[in-house]
Amino acid sequence: MSYKLIDHTADLGINVFGADLKDLFASAACAMFDLITDTDRLEGSREHVLKVAGDDWPDLMVNWLREILYLWNGKEMLLKAVKILSLSEYELIANLRFDNFVPDRHLVKIEIKAVTYHQIQVNKIQINSRPGGWEAKIIFDV
Amino acid sequence: MTIQLNKIDDYRWELPKTGAMRVPGIIYTSASMLKDIQSEDALKQVANVATLPGILKASLAMPDIHWGYGFPIGGVAAFDWDSGIISPGGVGYDINCGVRLATTSLTKKEISATFDNLANALNQNIPSGVGSTGSIKLSEKEEKKVLTEGSRWAVRQGFGDNADIMHTEDGGCMPNADPDLVSQRALERGKKQLGTLGSGNHFLEVGTVETIYDPVVAQAFGLFKGQITLMLHSGSRGFGYQVCDDFLAKMAKHVKKLGIDLPDRQLACAMLQSKEGMNYFNAMACAANYAWANRQILMHKFHEVLLKVFNISPRDLDMNLLFDVCHNIAKKEVHTVEGKEHFVCVHRKGATRSFPPGHKLLCDKYKAVGQPILIPGDMGSASYVLAGTETAMKETFGSTCHGAGRVLSRHAAKKASKGRAIYRELEDRGIIVRWTGRSTLAEEMPDAYKNVSEVVEVVHGAGISKKVAKLKPLVVVKG
């Protein structure tokens, strides 16, 4: 997982990097939970398969993160690890490992309330006009 | 990129109409605050909003404007009811986030308990913090009643009384709410969180009236110098977030079909006169009503804690709700545009309604003096009570500012607080503070916000609301 924090006056975002698209989508999910909690304290004791649809890469990215954020905000599940099983521009299927939130054991570092479409980007990186992996920019409402 | 503005007068700057903008932008600010505004993308966002179909007169920015997503925070935009759009991003995630203020008969001198005891009791008895859940557990059937009735539901359950409803914007209920349009996810999240404060900038505050600027209006509002006041800031919690998120997703798809070219996907919208547009308007009303019920319950709990800690009877405390305002909302209102009365949809995202004396929607008590407006500042300085004006009706679709507005990001605030004991600094200024989230105090430190007094000077100077009183915080509890 490789990401950088984007620091804005009112909100918070991330620049995420991936060797390929699968890596990018998995990294984005892990980065979000790295912000929310101390993932070292998680075991990933439970499993869940998630299917998400989108209209294009940026839309799929927002929908993907919004779905796994709902697992936390709505179901109190904290994500430990992700394996992307299949991925196209319009659909993602992933295997998630997570734990149910236990207040005495787990830490909540910040509250991410929503994943926004604001300035959403999913781009191929070119280094000296050769492919250098993928990057995404995502802004959260905190 | 610096956007060029044309100065109109000391409080108004014009952002000229260029490119795809349908109307110009008008920024209410001062020369000293303009630099901060120009250093971020907020002005670009004012211009982006001006490109949306059906926008009337101008894309407006209040002096507490700062960068948001899609629409700027501190933004006001009115759209023609027949030919305009409605946008969830123009309301914000925390639908009907708002403030309420109550007066008491006590003065600071008459308080028997220590402020430390009061702060502890508030912190212990009112659920706050990330994902906090309350003591009220709703069945789905009951939750839907909250969504259609708002404050009235809470009063019926014994939280407060009927006078509170009179002193709440819209009587604490948007009548168009339709719970059948709300997702199962939203209902699920809403069930557990009624009567909870939330986290971040949401707070409870015991304050005192420090200065009276307008004795006549202050008297009508029931304010006097030295008086103890209670203020709280909260919204529709996870319920409102889920409603916003659900409809943003729907509208992001929908807007492509409409062929509206958006400069930012977060501006996703639908025509008001469409199923998609009306469905959002009626679902948003559910969240607005949830927020009013929530603040009604929170104020009641606040009251109970005070009675206990001060060991005083309700009659002697004599708490009265002065007013409750919302500052993240879209409303159907009547406004005069080019000499004619129009139904418009006013989006206020981080902006407060400012209705003048004589407006037919005001209750009898405030009809002669104008609508009370509540402007909280940061926890170390002051909050203001203002009154609505005719100038606001003429210029800003009856709107004014909503607070101080951030100048430091949360991250920058944490950095700036390193090695400092913020609570001790506040204590030295006579303010006792309690907080729940581990980084809340650093993120919400006074330095992270604009000077609220400067913001208020602009809206007062421009005449879009007028100063009535200034409150000083004594006890602050943050989520």
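The model is predicted, so local features need pLDDT of at least 70 and side-chain atom pairs count only at pLDDT 80 or more, while totals for chains, interfaces and linings use all residues. Residues are numbered from 1 along each chain as its sequence is written, and chains are lettered from A and ligands numbered from 1 in the order in which they are written.

**Helix 2 of chain A**
- Helices (H or I, at least four residues) and strands (E, at least two) are DSSP runs, numbered from the N terminus.
- Helix 2 covers residues 57–73, and its end C-alpha atoms are 24 Å apart, which agrees with the 24 Å that its 17 residues should span at 1.5 Å a residue (1.5 Å times one less than the number of residues).
- Twelve of those 17 residues are buried, so helix 2 of chain A is largely enclosed by the rest of the structure.
- Buried means that 20 or more other C-beta atoms, placed from the backbone, lie within 10 Å of a residue's own.
- Among the buried residues are A:W57, A:L65 and A:W72.

**Where the chains touch**
- Chain A gives 25 residues to the contact and chain B gives 30 (C-beta atoms, placed from the backbone, within 7 Å).
- Helix 2 of chain A supplies the largest share of chain A's side, four residues.

**Strand 3 of chain B**
- B:G25 and B:I27 point one way, B:I26 and B:Y28 the other way, and all are buried.
- Strand 3 pairs with strand 2 in the antiparallel sense over four bridges (pairing needs at least two DSSP bridges), and B:Y28 is the bridge partner of B:R12.
- With strand 4, strand 3 pairs in the parallel sense over three bridges, and B:G25 stands opposite B:S59.

Definitions and conventions: Two residues are in contact if their C-beta atoms, placed from the backbone, lie within 7 Å.
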